[in-house]
Amino acid sequence: MKVKIPVDEDLADRLMAFWARIFGESGDLDRSFLLGDEAEWNEATLYVEEKEGRPISTCMTVRSRSQPGLSGFAEVATDLDYRGRGLASKLCRQAVDDFWATGGEALFLGTGNSAAVRIYDRLGWRKL
């Protein structure tokens, strides 16, 4: 599923709970972002795979409204029970393809997560 931010409160709560399980309580994305607090400055698109009404894999692009050719890549995550099935790779490919198809020029990401690095390597990302 592809969803533009802002999302409804129910989905925001489900996403925050999902990311807390994956990344821990100290995640760097605030619930208010999902509810549209930065919509004036950034256009965010969430890609999410759900099973029985709960997120099992996600990724997101956050595009600057002032520099629409520039976007960040964020919140790449897959539930532990669903890893190794290509879910994150599928969502990431869709997000990247959508970004380029809409005139994107530069897409960046940053991670210290070695599992995420393997996904990014498979998708053709390279370290700068």
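Entry 1, confidence. I note that this is a predicted model. I looked up the pLDDT and found an average of 90 for the protein, with 97% of the residues at 70 or above. Strand β2 (residues 42-51) has the highest confidence, at a mean of 97, whereas helix α4 (residues 114-122) has the lowest, at 75.

Entry 2, sheet. I traced an open sheet of 5 strands in the order β1-β2-β3-β4-β5, and its pairing is mixed. The edges are β1 (2-4) and β5 (106-108), each of which pairs on one side only. From one strand to the next I recorded an average twist of 25 degrees. I then examined the pairing of β1 with β2, which is antiparallel and extends over 3 bridges. K2 has Y47 of β2 opposite it.

Which strands does helix α3 (residues 87-101) lie across? I found that α3 lies across β1, β2, β3, β4 and β5, at about 25 degrees to β3. Helix α1 lies across β1, β2, β3 and β4 (70-78), and I noted its angle to β3 as about 100 degrees.

I looked up the largest nonpolar core and found 16 residues in it. The members that touch the most others are V7, L15, W19, L34, L46 and M60. At least two residues come from each of α1 (9-23), α2 (31-34) and β2, and α1 gives the most, with 5 residues. I also listed the contacts of L46 beyond four places in sequence: M1, K2, V3, I5, L15, W19, T58, C59 and M60. Another core, of 15 residues, lies apart from the largest one and includes A95, L107, A116 and I119.

I located P55 in strand β3 (residues 54-64). Why does P55 count as buried? I assign P55 to the buried class because its relative accessibility is 1%, and the cut-off for buried is under 20%. Setting aside neighbours within four places in sequence, I found P55 in contact with R14, L15, F18, R21, V48, E49 and E50. Finally, I took the C-alpha separation of P55 and D121, which is 24 Å for residues 66 apart along the chain.

How values were computed:
Residues are numbered from 1 along each chain as its sequence is written. This is a predicted model: local features need pLDDT of at least 70, side-chain atom pairs count only at pLDDT 80 or more; totals for chains, interfaces and linings use all residues. Side-chain values use heavy atoms; hydrogens and water are left out. pLDDT is the predictor's confidence in each residue, from 0 to 100. Helices (H or I, at least four residues) and strands (E, at least two) are DSSP runs, numbered from the N terminus. Buried means under 20% relative accessible area, exposed over 50%, partly exposed in between (1.4 Å probe, protein chains only). Contact means heavy atoms within 4.5 Å. A nonpolar core is a set of buried Ala, Val, Leu, Ile, Met, Phe, Trp, Tyr and Cys residues joined through side-chain atoms within 4.5 Å. Two strands pair if DSSP finds at least two bridges between them. Axes are lines fitted to C-alpha atoms, for helices over the stretch in contact, and angles run from 0 to 180 degrees between N-to-C directions.
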